[in-house]
Amino acid sequence: MTAAAIETSALRKVYGRTVALDRLDLRVEHGEVFGLLGPNGAGKTTVVKLLLGLARATGGGGTVLGRPLGDREVRRRIGYLPELFRYQAWLTALEVLELHATLAGIHGPARAPEIARVLDLAGIASRSRDRTGGFSKGMQQRLGLAVALLRDPELVVLDEPTSALDPVGRDDVRSIIREARARGSTIILNSHMLGEVERLCDHVAVVHHGRIVAAGTLADLLGEPAVRVRVSDLPADRSWLAAFGPAEEAADGWLTVRPLEEARVPDLVAEIVAHGGRVHAVDPGRRSLEDVFLGLVRDTP
Amino acid sequence: MSPRLVLAIASLTIREIARRRILWVMLGLSVASVVLVGWGVDRLVTLARGESLDEVEIRIGVSQVLIMIAFMFSFVLAMSAAFLGAPAIASDVETGTVHAMLARPLRRADLFLGRWLGLAVVMAAYAALSGSLAIAVVRLVSGHAPPEPAVAVAFLAFQSVTVLTVALTLGTRLPSIAAGAVTVVLFGLGWFAGVLGNVAVAFGAAPLAGVGDAARILLPSDGLWRGVIYGLEPPVVLFVAAGRNATAMQANPFFASSPPPFAFIAWSVAWVVLVLGVGIVLFRRREL
């Protein structure tokens with residue numbers, strides 16, 4: 001197995017009496033968008049802080065880009081948008097980026113064009129000479145994104161990157177994340193905006209009470225595809241339905257067939273009609289990430 | 001340590017103070033107090049001459065007024081140092097500004113030292129400017145020039161830097177308001193312990209005299225204040241004092257017959273370095 005971008009084993013973090021993380025095993029491959037999901041207080045931000053060396057693990061360990069947790073030099077290759085995105089209010093957006101370029105060791109002739117590139121990418125080039133103190137939360141978050149993307153880092157850690165953005169902003173951020181992945185970055189997306197994660201992530205881990213309660217690709221988590229059909233006047237003999245798959249009929253007239261490939265949905269509808277059934281509604285019955293998430297979080301004590 | 005990053009943080013700190021108008025408010029207040037001092041001393045001298053007091057007596061009077069003015073400045077400087085130093089790390093941690101910075105290859109020690117350097121430059125410059133201005137104005141209106149104005153100003157600046165160092169260090173662990181308040185209390189206690197120690201010396205109460213010495217070792221600000229007085233005290237006062245009970249004069253918190261010993265100055269420098277070291281360790285251990 002090749003080295004992962006991030007690998008942790010039995011990572012543990014205790015604050016006083018509170019166990020923030022309990023034996024966390026995480027593996028993030030290079031070049032993927034990895035979603036870290038979980039309710040508030042689940043331990044997502046603690047994971048991020050341990051990965052960046054902002055806090056020290058109580059137990060266990062791991063590597064980030066091949067270096068042990070807390071390594072200082074590796075931070076040259078990481079971009080980070082904190083959950084509390086606050087930048088020096090007395091600086092202009094351009095000056096904040098210049099400061100971070102200095103801290104990241106970006107000098108020489110490539111510096112100015114790189115700053116211009118991320119300002120443009122985050123959509124704040126026109127306000128680059130305004131002080132950030134006057135920025136809306138959305139603008140500050142865009143600035144944070146520009147800071148995180150300076151010099152195309154190998155690893156980009158985004159903690160709730162769209163929490164302050166309107167729908168247009170969120171869509172922009174999705175494009176920015178896709179573009180960063182296309183340029184070769186590995187991205188950790190820490191979020192409880194499930195729609196965001198569903199649209200962007202290759203792999204997902206659900207953290208709850210400091211532990212991973214589910215992990216895998218989105219397809220793994222969402223389960224098999226299915227269809228729900230609201231139907232009336234169906235004949236008593238339903239044996240023909242077995243050709244499509246196991247079917248279940250609820251009292252409210254919804255018939256669920258699971259598993260069923262999406263391509264076969266029209267055939268199923270045609271067969272129902274041929275057998276005298278009347279179709280009122282068809283709904284792709286694949287569970288949403290939200291259903292899966294709520295199931296996991298509510299079932300785990 | 002990376003000197004380049006320390007300097008980058010120091011210049012950021014100076015820019016912050018300038019941009020947030022703190023510096024200009026401080027300078028404005030200093031100019032206002034210097035104007036007030038000039039006016040007051042001028043009135044005093046005019047009144048004294050009206051009473052046809054001897055010029056030497058007037059000079060002695062003005063010299064003591066100047067020491068009182070310096071005390072006021074030292075208090076204002078200590079307050080400024082406490083309230084600039086305390087939030088320098090604490091409020092960046094509270095607002096989260098520090099998270100994005102420390103996720104870069106920036107050592108916490110570099111951030112801490114950069115903050116200290118920037119603030120120390122501002123405090124020293126402010127002390128030098130406001131102190132020199134006050135001395136110059138007093139000279140202009142009264143003709144009185146203290147014997148060692150540069151020494152007095154240097155001690156004034158050094159004293160504010162020690163207060164700043166305490167505030168910054170406390171701010172690595174305490175919320176900014178608490179760090180500022182504790183610093184001011186410590187500064188006050190240090191001064192009070194110094195006065196108490198002097199009174200004890202004057203009355204020969206040896207065990208109590210140790211309190212003053214211990215306080216000066218723990219927090220050298222009061223010992224450095226003695227250096228300010230020494231730089232301002234005219235020889236004529238020392239001469240008069242020597243003729244009377246010199247030990248009793250020691251009890252006066254606005255009198256110093258000798259400069260702080262070299263060993264004390266060396267200790268004060270070492271003290272700043274030590275406290276900075278403690279601050280770095282505390283900040284490193286802090287969970288963000």
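Okay, ground rules. It's a predicted model: local features need pLDDT of at least 70 and side-chain atom pairs count only at pLDDT 80 or more, while totals for chains, interfaces and linings use all residues. Residues are numbered from 1 along each chain as its sequence is written, and chains are lettered from A and ligands numbered from 1 in the order in which they are written.

So, the overall picture of chain A. Its C-alpha atoms fill a box of roughly 75 × 45 × 35 Å along the principal axes. You get 9 helices and 14 strands; those are DSSP runs, H or I of at least four residues for helices and E of at least two for strands, numbered from the N terminus. There are two domains in the assignment, domain 1 at 6–221 and domain 2 at 224–285, with bounds that come from an automatic or database domain assignment. Their centres, taken over C-alpha atoms, sit 44 Å apart.

Of the 301 residues in chain A, 39% are buried. Buried here is 20 or more other C-beta atoms within 10 Å of the residue's own, with C-beta atoms placed from the backbone; exposed is 12 or fewer, and partly exposed is in between. On contacts, meaning C-beta atoms placed from the backbone and within 7 Å: of those between residues at least 6 apart in sequence, 70% join residues at least 24 apart.

Now the sheet. Six strands of chain A make an open, mixed sheet in the order E6-E7-E8-E3-E9-E10, where pairing needs at least two DSSP bridges between two strands. The edges are E6 (78–81) and E10 (211–217), each pairing on one side only. Twist averages 15° from one strand to the next; for angles, axes are lines fitted to C-alpha atoms, for helices over the stretch in contact, and values run from 0 to 180 degrees between N-to-C directions.

Inside that sheet, E3 (33–37) and E9 (203–208) of chain A pair in the parallel sense over 4 bridges. One pair to click on: Leu36(A) has Ala205(A) in E9(A) as its bridge partner. As for helices on the sheet, H4(A) touches E6 and E7 of chain A, and its direction makes about 170° with E6(A). Helix H1 (44–52) of chain A lies across E3, E6, E7, E8 and E9, at about 150° to E7(A).

Next up, helix H2 of chain A. The buried ones include Leu94(A), Val96(A) and His100(A). And what covers them? The cover includes H3 (111–121) and H4 (137–148) of chain A, plus H1 (3–19) and H4 (97–102) of chain B.

Zoom in on Ala93(A), which lies in H2. Ala93(A) counts as buried because 26 other C-beta atoms lie within 10 Å. Leaving out residues up to four places away in sequence, Ala93(A) touches a set including Leu119(A), Ile124(A) and Leu143(A). With Leu119(A), 26 residues along the chain, the C-alpha separation is 8.5 Å.

Last bit, the interface. The contact takes 23 residues from chain A and 20 from chain B. On the chain B side, H1 and H4 are the elements giving two or more residues.

Notes. Contact = placed C-beta atoms within 7 Å.
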